Amino acid sequence: QIQFKILRGHSDTVSSCHFCFEDTKILSCSYDRTVKLWDFEEGFPIQVFEEHTAPISECNLTPDDRRVVTSSYDNTVKAWDMETGKMLWTVEHEGIVTSCNISCDGRYVVSGSDKENTIYVFDAISATVVAHIQGHHKSTITRCCFDPDNERVTSVSYDKTIKLWDMITRSTSITINEGHSNAISDCCFTSDGHYLCTASWDKSLKIWDIKTGEFQCHEPVSLNEGHEGSVSSCLFSQDASLVVSGGYDKTIAIWDTEARYKKLSLKGHWDWVTDVAISKNNKWILSASKDSTLRLWNIEKIDHIPSVIESRKARGSNIAQCEECENPFLRLQCSDSETISKCVFCRLSS
């Protein structure tokens, strides 16, 4: 009931994927040592970047889509001009680079190296190293990214910890040691920076209230029973109404953030799903896989699928529609629940 399109063009594991240029293009990178820019409508590569000499672990775009940054097992991070395809700079690391990310203002790049589990922060234009944090984790860093305010760098690791490093004080401001019972594979923020989601090999995702520090005295929101094996990737939709996750069970799970349940599983990949993305209008999901392909899934009519309707009904009458964003949400179990007409994200923003 979900229409999809298979994008073939890589010859090895596709490690990272993104929508870009207002959802008209797709960016991907692969263990085949290439980065490809795809035409969304036609579904074929229109530009290829080839300078790495080993598998590429991640690719990321500046907010204006003018530059792309890549990290690789060849111990480098590289920046490219999207229009010309020209490589702008290369930063050498002492070990393989497992992750990279660009700050939302386009000023900084962060990368994670397996040599002494180090985080690097450097200037996105000059490639000058701004910070070099050795021993940041006790084991391999799987993912690092900036928060939307460009104030903190978040990283997760095989050591099961989550760390937030402050760009101003140049110190670790938050460490979460007991959130997951196995390696943490990915992390992502809501667009307002209020919530952080983490994906783990313990088969769960957790949503942390980072802005108010609620996680310090209350358990995070747990999203369970979405995958049969390790969860490899996660991403919030632009409006935070959905979380999308990919797993080693070859499936993509679509979660209702507010009601805290899995709406649907997407099946079709022949090997584990390495990365996921969601379009700004919530109509398309993009998935990357070890099977060397990407898949585009049309979820525009997801709420009309019988199984999704039945699942929503089974959760009872506490599911309501937000009067502002019009997304479904779970009303709180309290005496004045009938007065609650907005989801938690709209309540917080107001």
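**Group meeting: strands, hairpins and a buried loop residue**

Let me open with a turn. In the hairpin formed by β23 and β24, three residues lie between the strands, and Lys250 there adopts a positive phi near 75°. Please keep in mind throughout that this is a predicted model.

Trp255 is bridged to Lys262 in β25. Four residues separate the strands in this hairpin, and Arg260 takes a positive phi near 65°.

How many of the residues of β24 are buried? Six of the six, over residues 251-256, so that the strand is mostly covered given that buried means under 20% relative accessible area. In a regular strand, side chains alternate between the two faces of the sheet. For β24, one side carries Thr251, Ala253 and Trp255, the other carries Ile252, Ile254 and Asp256, and all of these are buried.

An open sheet of four strands is ordered β2-β3-β4-β5 and pairs in antiparallel fashion. Its edge strands are β2 and β5, the latter at residues 45-49, and each of them pairs on one side only. From one strand to the next, the twist averages 20°. Inside this sheet, β3 (residues 25-30) and β4 (residues 35-39) are joined by five bridges, and Lys25 stands opposite Asp39 of β4.

Thr13 sits in the loop between β1 (4-8) and β2 (14-20). Is Thr13 buried or exposed? Thr13 counts as buried, because its relative accessible area is 3%. Beyond its neighbours within four places in sequence, Thr13 is in contact with Cys29, Ser30 and Tyr31, and also with Thr274, Ser289, Lys290 and Ser292.

Finally, the wider setting. The domain assignment gives domain 1 as 4-303 and domain 2 as 318-349, with their C-alpha centres 30 Å apart. An unreviewed UniProt entry annotates residues 49-217 as "domain: NWD2 C-terminal beta-propeller". Over that range the chain is 52% strand and 0% helix, and its end C-alpha atoms are 47 Å apart.

Key:
Residues are numbered from 1 along each chain as its sequence is written. This is a predicted model: local features need pLDDT of at least 70, side-chain atom pairs count only at pLDDT 80 or more; totals for chains, interfaces and linings use all residues. Side-chain values use heavy atoms; hydrogens and water are left out. Domain bounds come from an automatic or database domain assignment. UniProt positions are given in the numbering used here, feature names are shortened, and annotations may be inferred rather than shown by experiment. Helices (H or I, at least four residues) and strands (E, at least two) are DSSP runs, numbered from the N terminus. Buried means under 20% relative accessible area, exposed over 50%, partly exposed in between (1.4 Å probe, protein chains only). Two strands pair if DSSP finds at least two bridges between them. Contact means heavy atoms within 4.5 Å. Axes are lines fitted to C-alpha atoms, for helices over the stretch in contact, and angles run from 0 to 180 degrees between N-to-C directions.
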